[in-house]
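Okay, everyone, let me put this one up on the screen. Have a look at it while I talk you through a few spots.

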Amino acid sequence: MKTNQKKAWLFLAPTIIFVSFFSIWPIIRAFIMSFQSGSLINLSWSGFSNYQYIFKDPEFWLAIRNTILYALISVPVALAISIMLAWFIFSKVKNKALFETTFFMPYVTSTIAIGIVFRYIFNGEYGMLNFILRAMHLPAPNWIDDPAMSLTTIIIFGVWTSLAFNIVILMGALRNIDPNYYTIADMYGATGTEKFWRITMPQLVPTIAFLLTMNIIAAFKIYTSVYALFNGQAGVGNSATTAVFYIYNKFQIVGTPGVAMAATVVLFIIILFVTFLQRKMMKKIGGR
Amino acid sequence: MNDEKFVEVKNLKKVYDNGHEAIKNVSFSVKKGDLVCLLGPSGCGKTTILNMLAGLLNPTSGDILFDGKSVVNTEPKDRQIGYVFQNYALYPHMTVLQNVMFPLTVGKHKIAKDKAKAIAEKYMKTTQIMELADQKPGQLSGGQQQRVAIARALVQQPKILLMDEPLSNLDARLRLKIREEIRSLVKEVGITTLFVTHDQEEALSIGDKIILFNNGVIQQDDLGQNFYLEPNNYFVANFVGNPVIDNFKVKVADGKIKASDFEISVSDLDQNRFKRELKDGEYVLSVRPENILPNEDGHVSAHVDDVELIGRERILKFTHDGVQARSLVNLETPIKPNDDIKLKMRLDRVFIFTPEGERVY
Amino acid sequence: MKKIRWGTLIAYVILVIFAIITIFPFVYMILGGLMTFQETTKIPPTLIPKNPQWGNFSRVFAQAPFARYFLNTFITASVTTIVSLFNALLGAFAMVNLKFKGKGIIQGILLSLLMVPGEAIIFTNYNTIARLGLLNTYIGLVLPFLTSIFYMYYLQSYFGSISETIYKAAKINGASDWEYIWRILVPMSKGGLFTVGLLSFISGWNSFLWPLLVTNEDSMRLLNNGLTAFASDAGSETELQLAAATLTVLPILILYFIFRKQIIRGVVRNDLKG
């Protein structure tokens, strides 16, 4: 067999063609457009003015602030709950598949459809959530219509949607831990808590690092769930605007693609930075 | 046409991309209908050669001729070869019959299904796997998978059969049985076969001749018994033989061969067996354990460390100059561990090698 | 012994509470879709409709072209899945079984593209599709998604686990690459291909932002976009919104319950992302 089989390019051709047109070119184009102003059909060079604009735009800062707050709160909370649930299923439950199947449901369902359902569950007057809160004599805020609550609302929804992926991946990792570790720990009389902290957690570290990155990247791209919860708006009075909302708004509604692309580049750099941090972290831990 | 050199390999070289020189200038030939073993330790390049013969690897330089025609630029499928892989490489999703038929139903030489089936069944009969026709490889034992692999390799009626360690995945007893079967089968079909193995016993029992490799170089290309009686060099002497050969460090000076505690006069050696002149200097004197035996007037005094039973014989183990050595004696020997004994070598059966491993005597 | 039982009990209670939290929105969606308007907005809230209002579904179909949305979504998700799987199959085969100059570079480029967030390129892709005049067409809906580096990468790891001697044996047996792909590689990787196909179909079914950008005609909308449009238009008719949401989610949920094992295994195998 030849060492340079040129026919390989034939098999790769469809992939290379599509990737060039719809992955590589758009990245280059986004960078170019971020230095241009005007409408899509009439772009002209404008240097760094788009970047200057977004860095002075309070709406951009609000979007970035909301996005970062959302990522920093929802991701650790969801991960902590996921670890707890996965460990309970793994260590206490016989019918693991039943719980796994249940908890994974949100992953396959449309965020839009389920977001509409949550809009009614969160409804300040007749929503199921507030009914339960009132029954328990807890404060029942107006989740949807109060601008001060909108970020909290999307964080709760975000946690609900991200448990699915986390739990299933963590279950996979838990199954991969050599059961002999536990047998030996039992022989030395370790308690359940000791087994969890001394055996399980150290073994889960690479998986947790991976999930942390995946979740943070996903959190930075949050858009659809906000759209669904607030019926196409970014919360009352734009109170829950996010980075992608800002980009969409500048691109499609306001019609300043250059500004949108400048914001895209900033978002892109943040995400690359997170990925880079994760790589570093993984290397330090010893890799998966 | 060219029956003496049915397979001919000329100055073959293979250098991998990472610079590793796997094969260094190898030439050999195989007679039509012969079963030749390519023997050597792992990493010696024997599988690399087989892959180049099959066309799965390209040689860096050199030529390969089948029946007098160069095949270096021929695709594997056009070389008229059959190949049996170490792990058999059976297609797990196909039945045995489909596996054996596969070569006849793909590519340019595709033939009609019923014809293909008839040919496949003929070879399945030869390899005695007819009753397994509808089973999947996963349901078969190692030995059965082996036969399917051979049937699939033969079904295109190739001119040359290449086998890469075909017995290494079988347990010891089955290995003995199958290796006899393979030999009688390829002789029955009359196909020229190259058989790669790292097991010297396997090679000695199955091969019409053996080519021994080490570090990408042919060490010896010979009939089986000559690897015992006339090893080309130190490596061959040490690779072939069980228990392994004994090696003594010696110095030659003043017409004497001197070890730390014994001396042999050069004139006592069989003068016809010298391959070259024995100059003064350092050498290795090697002797097979069956040719160094307890004897009252022996040259070598030894303290027996251990006596090991191996079937019909016993091995006396002793230490000489810090190196373990062995003597192969019969079962009834009265010698026990910690005895002090004398050993005598058959001087017409010893070998002398230079420190570089070249044979002198 | 007693201590252990308490631990298990607490664990079960917590698990059941979270399981209820997970399932409840689905239950509420299905039940709410069968309620009358009064029932959906009553205080205290109703959980079980007195008389299931099956008519809600026909009213949804009457008020918005949901049948059309279904068809559009099905076509887009199927085409994307089949074509991207086909491209990924060929690409992964080349990367795993063939040797060629530049393989390392291609692998490096593809791997780094895997890190590029879709949202960073979706707007410029919109621009491309708009320039090609493909807004509001099926081609426009599927074109950027006809190849998936991610699925190709997934298949590469799948094919990589097949012993390379299988490919060598096929070559010696005289099979062409094309025959190898269809007669050996595909049947041997049925499970993996099926799982990738399912996941691709599901993510195609649930896509939202891209169809939102490239379609504005009602007849070209996909389910999720139709659903949001419907939710805005039928703003006051809560029960119809929930019925419409049920219509959107149910097919995928059924698919999920049938193939839950394959789907979960597929996700775990390579930490597949949506």
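So, the contact between chains A and C, in what is a predicted model: chain A puts in 74 residues and chain C puts in 75. Which helix gives the most on the chain A side? That's helix α1 of chain A, residues 7–33, with 15 residues. And if you sort that side of chain A by residue type, you get 50 nonpolar, 17 polar and seven charged.

Next, the largest nonpolar core. It has 259 residues, and the ones touching the most other members are Val117(A), Val226(A), Ala263(A), Val100(B), Leu162(B) and Leu155(C). Helix α7 of chain A, residues 150–175, gives the most to this core, with 15 residues. In chain B, domain 1 (7–237) and domain 2 (243–353) both give residues to the core, so it lies between them.

Let's pick out Ala263(A). Leaving aside residues up to four places away in sequence, Ala263(A) touches Ile54(A), Phe60(A), Ala243(A), Tyr246(A), Ile247(A) and Lys250(A).

Last stop, helix α6 of chain C, residues 118–131. Is Thr124(C) buried or exposed? Thr124(C) is buried, and other buried residues of this helix include Glu119(C), Phe123(C) and Ile129(C). Just past the end of α6(C), Gly133(C) has a positive phi of about 70°.

How values were computed:
Residues are numbered from 1 along each chain as its sequence is written. Chains are lettered from A and ligands numbered from 1 in the order in which they are written. This is a predicted model: local features need pLDDT of at least 70, side-chain atom pairs count only at pLDDT 80 or more; totals for chains, interfaces and linings use all residues. A residue is buried if 20 or more other C-beta atoms lie within 10 Å of its own, exposed if 12 or fewer, and partly exposed in between; C-beta atoms are placed from the backbone. Helices (H or I, at least four residues) and strands (E, at least two) are DSSP runs, numbered from the N terminus. Two residues are in contact if their C-beta atoms, placed from the backbone, lie within 7 Å. Ala, Val, Leu, Ile, Met, Phe, Trp, Tyr, Cys and Pro count as nonpolar, Asp, Glu, Lys and Arg as charged, and the others, Gly among them, as polar. A nonpolar core is a set of buried Ala, Val, Leu, Ile, Met, Phe, Trp, Tyr and Cys residues joined through C-beta atoms within 7 Å. Domain bounds come from an automatic or database domain assignment.
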